[in-house]
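User: Hey, can you walk me through this protein? I'm new to this, so please keep it plain.

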Amino acid sequence: MTAARRRVVVLGSTGSIGTNTLEVLAHLRDAVGMEIDVVGLAAGRRVEELAEQANAWGVKKLAIADEAAADRLRDAVPGASVFVGEQSAAELVADIDDATDLVAAMVGSAGLSATMIGIERGWRISLANKETLVAAGEVVMPAVRKHGAELLPVDSEHSAIFQCLVGCGRAHEEIKRIVLTASGGPFRTWDAERIASATVEEALAHPTWTMGRKITIDSATMTNKALEIIEARWLFDLGGDRIDVIVHPQSVAHSFVEYVDGSVLAQLGPPDMKTPIQYAMTYPNRAAGCSAAMDWAQLAGLTFERPDPARFPALRLAYEVIEAGGSAGAVFNAANEAAVAAFLDRRIPLGDISRLAEAALEAVGTGPIGSVEDALAADAEARRFVEASVAQAANRPAAGIVR
């Protein structure tokens with residue numbers, strides 16, 4: 001494959017998507033022959049892994065959110081420019097003039113400002129950070145069009161939809177609906193009472209995917225799918241009435257598009273994030289992949305079932321967020337992030353995650369979003385609400401969080 005040299009910034013490089021991205025980039029460079037440089041890396045606190053990546057790729061521009069780790073990073077990567085603190089990823093991107101690609105793989109709303117800078121530079125954005133569009137789709141998508149950036153989805157479900165739409169008639173009147181598949185997570189067959197009292201260890205035991213802790217908890221509550229519903233609304237410019245979800249435990253059909261003539265196109269493959277990452281990096285072309293091939297002989301069957309919003313209320317909230325518009329996405333996303341953190345700290349039960357998100361939407365309300373700053377302000381207010389609710393409940397445990 002011949003193409004212009006690609007100069008890539010990876011945000012969230014030490015996480016699951018980030019490490020897979022670097023493996024894909026190495027494969028494309030070494031096995032496919034693409035000319036690829038990694039020119040910037042950003043991480044949260046895994047300083048040893050970040051230093052190892054930087055030295056392997058010769059990267060001299062780095063960002064680390066953990067201020068206590070900055071000196072160790074400078075010692076481990078001599079001569080590197082190191083940006084430090086909560087805004088370090090945005091400062092890193094702003095300092096790089098000659099990149100072509102940004103892989104947005106930071107978890108949560110932390111990557112929003114940095115991703116927006118990449119969009120304003122007109123770079124190709126490989127988007128794995130669904131929270132960017134959930135929180136600020138109203139300003140992100142116009143910016144993509146204004147600055148001539150490319151926004152390519154890396155989530156396996158949205159990549160599948162994108163692949164089904166490419167070259168197959170993307171006019172809205174031809175699409176009846178898009179259907180996102182969901183594994184169902186570890187609690188697919190559990191009743192509501194058992195789900196509500198699940199332990200951290202049970203929630204982290206995903207049956208199909210290996211992911212970071214926050215995303216794994218989101219999968220357990222199906223909030224991950226709720227966020228994907230909202231993201232799909234912005235990526236594909238469709239109303240909530242044309243976005244559906246089906247539970248597919250095998251995670252082989254990654255999503256599909258139903259057209260008005262009755263045809264259904266699906267994208268299938270093993271549950272491996274390297275495939276959608278590589279597609280985003282090589283689009284509109286394809287190259288020999290580094291993922292395991294589908295072994296059809298070992299595939300016993302594919303099953304599909306309707307999700308249950310009564311057991312997984314985040315799915316219902318997703319459509320309410322789409323209907324509300326404005327800052328609702330930022331509030332929902334931030335409240336969920338704060339609640340997940342509280343659950344992982346064993347301060348609240350699993351069942352209170354969605355209850356807190358719903359309560360935040362009611363308490364904080366919805367306002368207009370005209371800038372990234374508006375989204376971040378709503379984000380901060382939602383986090384304050386959740387923290388106050390968790391603290392208040394700690395003083396009266398018998399009453400619970402919110403009912």
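Analyst: Here's a tour, going from the whole protein down to single residues. This is a predicted model, where local features need pLDDT of at least 70, side-chain atom pairs count only at pLDDT 80 or more, and totals for chains, interfaces and linings use all residues. Residues are numbered from 1 along each chain as its sequence is written, and side-chain values use heavy atoms, with hydrogens and water left out.

User: What does the radius of gyration say about the protein?

Analyst: With 403 residues, a compact globule would come out near 22 Å, and the protein has 21 Å, which agrees. That radius is taken over C-alpha atoms, and the globule rule is 2.2 Å times the number of residues to the power 0.38. The C-alpha trace spans about 60 × 55 × 40 Å along its principal axes.

User: And what percentage of the residues is buried?

Analyst: Buried residues make up 55% of the 403. Buried means under 20% relative accessible area, exposed means over 50%, and partly exposed is in between (1.4 Å probe, protein chains only).

User: OK, sheets next. In what order do the seven strands sit?

Analyst: They form an open sheet in the order β4-β3-β2-β1-β5-β6-β7, with parallel pairing. Two strands pair if DSSP finds at least two bridges between them. β4 and β7 (150-153) are at the edges with a single partner strand each, so one side of each has no neighbour in the sheet. From one strand to the next, the twist averages 20°.

User: Which strands does α4 lie across?

Analyst: α4 lies across β1, β2, β3, β4 and β5, and runs at about 165° to β3. For angles, axes are lines fitted to C-alpha atoms (for helices, over the stretch in contact), and the values run from 0 to 180 degrees between N-to-C directions.

User: Which residues of α4 are buried?

Analyst: In α4 (residues 88-95), the buried residues are Ser 88, Ala 89, Ala 90, Leu 92 and Val 93. Their cover includes β1, β2 (36-43), β3 (61-64), β4 (81-84), β5 (101-104) and α5 (112-120).

User: What about Asp 95, buried or partly exposed?

Analyst: Asp 95, which lies in α4, is partly exposed, with a relative accessible area of 33%. Leaving aside neighbours within four places in sequence, Asp 95 is in contact with Lys 61 and Phe 83. Contact means heavy atoms within 4.5 Å.

User: Back to β1. What does Arg 6 touch?

Analyst: Arg 6 is in strand β1 (residues 6-11) and is buried, at 12% relative accessible area. Not counting residues up to four places away in sequence, Arg 6 touches several others, including Glu 35, Asp 37, Asp 101 and Arg 124.

User: Now the sheet of four strands. What's its order?

Analyst: That open sheet goes β9-β8-β10-β11, with mixed pairing. β9 (243-247) and β11 (264-268) are its edges, each with a single partner strand, so one side of each is left without a neighbour in the sheet. β8 (residues 175-182) runs parallel to β9, and five bridges join the two. Ile 178 is opposite Ile 243 in β9. Helix α7 (residues 156-165) packs on this sheet, touching β8, β10 (253-259) and β11, and makes about 40° with the direction of β10.

User: Switching topic: how many disulfides are there?

Analyst: The count is zero, where a disulfide is a pair of cysteine sulfur atoms within 2.5 Å. Cys 164 is buried, at 5% relative accessible area, while Cys 290 is partly exposed, at 30%.

User: Last one: which residues have a positive phi without being glycine?

Analyst: Met 222 has a phi of about 65°, and Ser 255 has one of about 155°. Met 222 is in the loop between α10 (213-221) and α11 (223-235) and is buried, at 3% relative accessible area. Ser 255 is in strand β10 and is buried too, at 0%.
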